[in-house]
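Open the model in your viewer and keep the sequence panel beside it. This tour tells you what to select at each stop and what is there.

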Amino acid sequence: MAQNNGLGARLASSAVFLAVGAGLVLQVRQAMLQEVRQARRVAGAAQSVLLRPLPARIDGLATAAAQLSADRGATVGGDLYEVIATEHGVRVVMGDVRGHGLSAIGTVAAVLGSFREAVHDEAELTGVLARLDRALARHLRDRARAEDTEEFVTVLLLEIAPDGEVHALNCGHPWPYLLSADRAELMAGADPLPPLGVFPLPAELPATPCGRLLPGEALFLHTDGVEDARDGDGRFFPLPAALAEAVRGRPISPHSVLRAVFTQLLRHTGGRPKDDVAILIIRNDRLMRASAAYRGAGTCTIGPPGPAADTPPVVPGP
């Protein structure tokens with residue numbers, strides 16, 4: 001037919017070629033979709049191992065957590081968190097690897113793997129931090145043989161005793177916020193230590209006592225990608241105002257606070273923060289006799305020091 005000069009023959013041959021071409025395109029498209037689905041399954045499996053879903057309740061504490069990678073299409077990034085009940089109390093880690101996205105996943109795995117073992121073996125929170133520091137040092141030495149890299153991790157460790165007593169060790173990480181009835185206040189302790197991987201840990205490493213987390217109160221832990229998020233005009237995300245709005249006039253619900261802050265954050269950044277973001281909320285659901293007089297028992301102070309105290313407790317409208 002290709003050699004026939006008739007119009008009908010030429011049209012018929014073109015239709016045959018178009019049908020064959022369309023079939024090939026559909027076949028290639030189907031193969032690509034299968035590869036994408038497989039990649040998502042692999043990413044989901046990696047995420048479930050690294051940042052496995054937290055139980056809704058851990059030893060009388062209600063939890064909610066979520067993270068968002070800055071790398072488009074990635075499901076895990078450089079932020080990490082974990083909550084584990086042990087015989088020494090509930091122990092919590094929140095961390096942030098320098099950089100973001102896929103390149104930080106190996107470091108996240110090294111830190112989380114060490115934490116999940118150390119929290120059961122070490123009676124003191126300082127021992128847990130020392131184990132994390134050694135694990136990170138080994139990981140960085142192994143990476144240095146293969147590539148020239150400089151990496152560090154900010155880490156916040158918390159220990160919540162059965163009576164609600166909280167102790168903390170902070171290596172360069174943002175302090176959490178205390179959420180209570182109609183209030184969101186910064187839990188600020190002593191000056192943080194340098195991030196892990198920058199300098200050796202000091203010989204004396206006492207954990208900071210932070211008073212008690214009373215029934216119904218919650219801790220809001222986050223990475224710096226939350227407060228450092230900017231809008232199109234370069235303005236930082238107003239986290240204290242967003243938290244105040246999230247707890248105003250209603251009981252504290254970890255999932256509701258998580259949803260409210262993420263909604264505000266995505267609206268502020270136009271749908272995509274430029275750094276990895278992780279949020280973890282822990283509410284004390286235990287029944288115990290406690291008094292607000294315990295609040296100042298430790299060396300942590302409650303309330304936003306410095307300029308943060310001037311932040312208006314209202315979230316601007318969209």
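**Stop 1**

Select strand β3, residues 79-86: 7 of its 8 residues are buried, so to speak mostly covered. Buried means under 20% relative accessible area, exposed means over 50%, and partly exposed lies in between (1.4 Å probe, protein chains only). Strands here are DSSP runs of E with at least two residues, helices are runs of H or I with at least four, and both are numbered from the N terminus.

This is a predicted model: local features need pLDDT of at least 70, side-chain atom pairs count only at pLDDT 80 or more, and totals for chains, interfaces and linings use all residues. Residues are numbered from 1 along each chain as its sequence is written, and side-chain values use heavy atoms, with hydrogens and water left out.

Two strands count as paired if DSSP finds at least two bridges between them. A hairpin of 2 residues joins β3 to β4. Find T86, then look across to G89 in β4, which stands opposite.

**Stop 1: the whole sheet**

Select β3, β4, β5, β6 and β9. In that order they form an open sheet of 5 strands with antiparallel pairing. Which strands stand at the edges? β3 and β9 (208-212) do; each has a single partner strand, so one side of each is left without a neighbour in the sheet. On average, neighbouring strands of this sheet are turned by 15° against each other, direction ignored. Axes are lines fitted to C-alpha atoms, for helices over the stretch in contact, and angles run from 0 to 180 degrees between N-to-C directions.

Strand β6 (residues 165-171) meets β9 over 3 antiparallel bridges. There, E165 stands opposite R212 in β9.

**Stop 2: helix α2 across the sheet**

Select residues 105-121, helix α2. It lies across β3, β4 and β5 (153-160), and runs at about 10° to β3. α2 has 17 residues and reaches 25 Å from its first C-alpha to its last, close to the 24 Å expected at 1.5 Å a residue. That expected span is 1.5 Å times one less than the number of residues. Colour the buried residues of α2; among them are V108, V111, L112, F115 and V119.

**Stop 4**

Jump to helix α3, residues 125-146, and pick H139. Is H139 buried or exposed? It is buried, with a relative accessible area of 16%. Leaving out residues up to four places away in sequence, H139 touches G106, T107, A110 and E151. Contact means heavy atoms within 4.5 Å.

Next, select L157. The largest nonpolar core has 74 residues, and L157, L179, F220 and V257 touch the most other members. A nonpolar core is a set of buried Ala, Val, Leu, Ile, Met, Phe, Trp, Tyr and Cys residues joined through side-chain atoms within 4.5 Å. Beyond residues up to four places away in sequence, L157 touches a list including V92, F115, L129 and L169.

**Stop 5**

Show β7 and β8 together. They run antiparallel and are joined by 4 bridges. L178 has E185 in β8 as its bridge partner. In their hairpin, with 2 residues between the strands, D182 takes a positive phi near 65°. 5 of the 6 residues of β8 are buried, so it is largely enclosed by the rest of the structure.

**Stop 3: D59**

Select D59, in the loop between β1 (57-58) and β2 (61-68). Its phi is near 50°, a positive value in a residue other than glycine. Most residues other than glycine have a negative phi. D59 counts as partly exposed, at 43% relative accessibility.

**Last stop: zoom out**

Show everything. The protein has 6 helices and 12 strands. Buried residues make up 44% of its 318 residues. Of the contacts with a separation of 6 or more, 74% join residues 24 or more positions apart.
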